[in-house]
Amino acid sequence: MKLLDQELQSYAEAHSSQENEMLAHIHRETYAKAMMPRMLSGPLQGSLLAMFVHMLRPQYILEIGTFTGYSAVWMAQALPETGKLYTLDINEELEERVRDYFAKAGLAGKIDYRIGNALDIIPGLEVTFDLVFIDADKINYRRYYDLVFDKVRKNGFIIADNVLWSGKVLQKTEESDKQTQAMINFNQYIHNDTRVENVLLPIRDGLMIARKL
């Protein structure tokens, strides 16, 4: 589902901060070498995430779902010098390539990259996060949210990607597949959660932004 006319999308991208050389390299290699390259956040969303980081000035970020490291690089580059980004992914086949990207971007010291099941890793993280970005398997979005919630500081933010799920969230329940229904349920769960205030931005495939009260 294209939320914007392609010309408007291109106009928005042309009038937003551009990828640096390293980000452009990751972008190209993802589309050339990775399976399901559409999972890449893209430059418009990447620059938005970086802008959030610049505004919030977080010390600790948690990213659930690294993929090829593109969004991690956008956010880590915007972190203060003393900041740290933890990023978790289950795909060990991409690990060597992603670590190489982080090293070449000069961010290896700012990024704690862990391979494994995030559901197992998160409970052991003894960190209070200022910002959490969820962009992993959709079935477990609510579980990720619940696991990280108490690890997010008051007035901290949780951002979830793909919450419009290519427009499938508009389907009737009886027509939806498991992933679509998981996203419908997740969006409603956040919207009903009195512990946060939230806004759903229709950028790319949808970003749910929740601020912990």
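This is a predicted model: local features need pLDDT of at least 70, side-chain atom pairs count only at pLDDT 80 or more; totals for chains, interfaces and linings use all residues.
Student: Which order do the strands of the open sheet have, and which strands are at the edges?

Tutor: The 7 strands of this open sheet follow the order 3-2-1-4-5-7-6, and their pairing is mixed. Strand 3 and strand 6 (196–201) are the edge strands, each pairing on one side only. From one strand to the next, the twist averages 15°.

Student: How many bridges join strand 1 to strand 2?

Tutor: Strand 1 and strand 2 run parallel and are joined by 5 bridges. Within this pairing, Glu63 has Thr87 of strand 2 as its bridge partner. Strand 1 (residues 60–64) also pairs with strand 4 in the parallel sense, over 4 bridges, and there Glu63 stands opposite Phe133.

Student: Which elements make right-handed β-α-β units?

Tutor: One such right-handed unit consists of strand 2, helix 5 (residues 95–104) and strand 3. Its strands, strand 2 (residues 84–89) and strand 3 (residues 111–115), run parallel with 5 bridges between them, and Asp89 has Ile115 as its bridge partner in strand 3. Another right-handed unit is made by strand 4, helix 7 and strand 5. Here, too, the strands run parallel: 5 bridges join strand 4 to strand 5 (residues 152–161), and Phe129 is partnered by Val152 in strand 5.

Student: Which residues of helix 7 are buried, and where do they lie around the axis?

Tutor: In helix 7 (residues 141–149), the buried residues include Tyr141, Tyr144, Tyr145, Val148 and Phe149. They lie on the same side of helix 7, because the arc they cover around the axis is only 125°.

Student: Is Gln45 buried or exposed?

Tutor: The cut-off for a buried residue is a relative accessible area under 20%. Gln45 has a relative accessible area of 1%, and is therefore buried. Gln45 belongs to helix 3 (residues 43–56).

Student: Which residues does Gln45 touch, leaving aside those up to four places away in sequence?

Tutor: With those neighbours not counted, Gln45 touches Phe133, Asp161, Arg204 and Leu207.

Definitions and conventions: Residues are numbered from 1 along each chain as its sequence is written. Side-chain values use heavy atoms; hydrogens and water are left out. Helices (H or I, at least four residues) and strands (E, at least two) are DSSP runs, numbered from the N terminus. Buried means under 20% relative accessible area, exposed over 50%, partly exposed in between (1.4 Å probe, protein chains only). Contact means heavy atoms within 4.5 Å. The arc is that of the directions from the helix axis to the C-beta atoms. Two strands pair if DSSP finds at least two bridges between them. A crossover is right-handed if, with the strands pointing away from the viewer, the path from the first strand over the helix to the second runs clockwise. Axes are lines fitted to C-alpha atoms, for helices over the stretch in contact, and angles run from 0 to 180 degrees between N-to-C directions.
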